[in-house]
Amino acid sequence: MLHIDFAGNIVVVKCLPGMAQAACAAMDSLQWGNVVGTLAGEDTFICITKDENKAIDLVTELKKLLKNL
């Protein structure tokens, strides 16, 4: 993951080219309770959360995970 941001209840994750589908599948396997669904493209995937506060929480957690890599 290269960049994570959100707009409303949608979290946008930018990845290296060709990696978004794998990262999105990994995200799905974590079964985050507040994620309603995900959708992947070539280098970007989105997570749709239940509300904006849940999106903020998800962005915070994903950024923490990135720091630990």
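What covers the buried residues of α2? This report works towards the answer on a predicted model.

## The helix α2

Helix α2 runs from residue 52 to 67. Its 16 residues should span 22 Å at 1.5 Å a residue. The C-alpha atoms at its ends lie 23 Å apart, which agrees.

Ala55, Leu58, Val59 and Leu62 of α2 are buried. They sit on the same side of α2, because they cover an arc of only 100 degrees around the axis. An α-helix has 3.6 residues a turn, so residues three or four places apart point the same way. Turn to the other side of α2, and Asn53 and Lys67 are exposed.

Now the opening question. The cover over the buried residues of α2 includes β1, β2, α1, β3 and β4. Strand β3 spans residues 35-40.

## The nonpolar core

The largest nonpolar core has 14 residues. Val11, Val13, Met27, Phe45, Cys47 and Leu58 have the most contacts inside it. At least two residues of this core come from each of β2 (10-14), α1 (20-30), β4 (44-49) and α2. Helix α2 gives the most, with 4 residues.

Take Leu58 as an example. Set aside its neighbours within four places in sequence. Leucine 58 is then in contact with Val11, Met27, Trp32, Val35, Cys47 and Thr49.

Strand β1 covers residues 3-7. It runs antiparallel to β2, and 5 bridges join the two strands. Within this pairing, aspartate 5 stands opposite valine 12 in β2.

The two strands, β1 and β2, form a hairpin with 2 residues between them. Look at glycine 8 in the turn. Glycine 8 has a positive phi of about 65 degrees.

How many disulfides does the structure hold? It holds 0. Distance explains why for two of the cysteines.

Start with cysteine 15. Its closest cysteine sulfur is in cysteine 24, and the gap of 8.6 Å is too far for a bond. Cysteine 15 is buried, with a relative accessible area of 6%.

Next comes cysteine 47. Its closest cysteine sulfur is also in cysteine 24. The sulfurs are 6.2 Å apart, again too far for a bond. Cysteine 47 is buried as well, with a relative accessible area of 0%. Cys47 is also among the core residues with the most contacts, and Leu58 touches it.

Note on methods:
Residues are numbered from 1 along each chain as its sequence is written. This is a predicted model: local features need pLDDT of at least 70, side-chain atom pairs count only at pLDDT 80 or more; totals for chains, interfaces and linings use all residues. Side-chain values use heavy atoms; hydrogens and water are left out. A disulfide is a pair of cysteine sulfur atoms within 2.5 Å. Buried means under 20% relative accessible area, exposed over 50%, partly exposed in between (1.4 Å probe, protein chains only). A nonpolar core is a set of buried Ala, Val, Leu, Ile, Met, Phe, Trp, Tyr and Cys residues joined through side-chain atoms within 4.5 Å. Contact means heavy atoms within 4.5 Å. Two strands pair if DSSP finds at least two bridges between them. The expected span of a helix is 1.5 Å times one less than its number of residues. The arc is that of the directions from the helix axis to the C-beta atoms.
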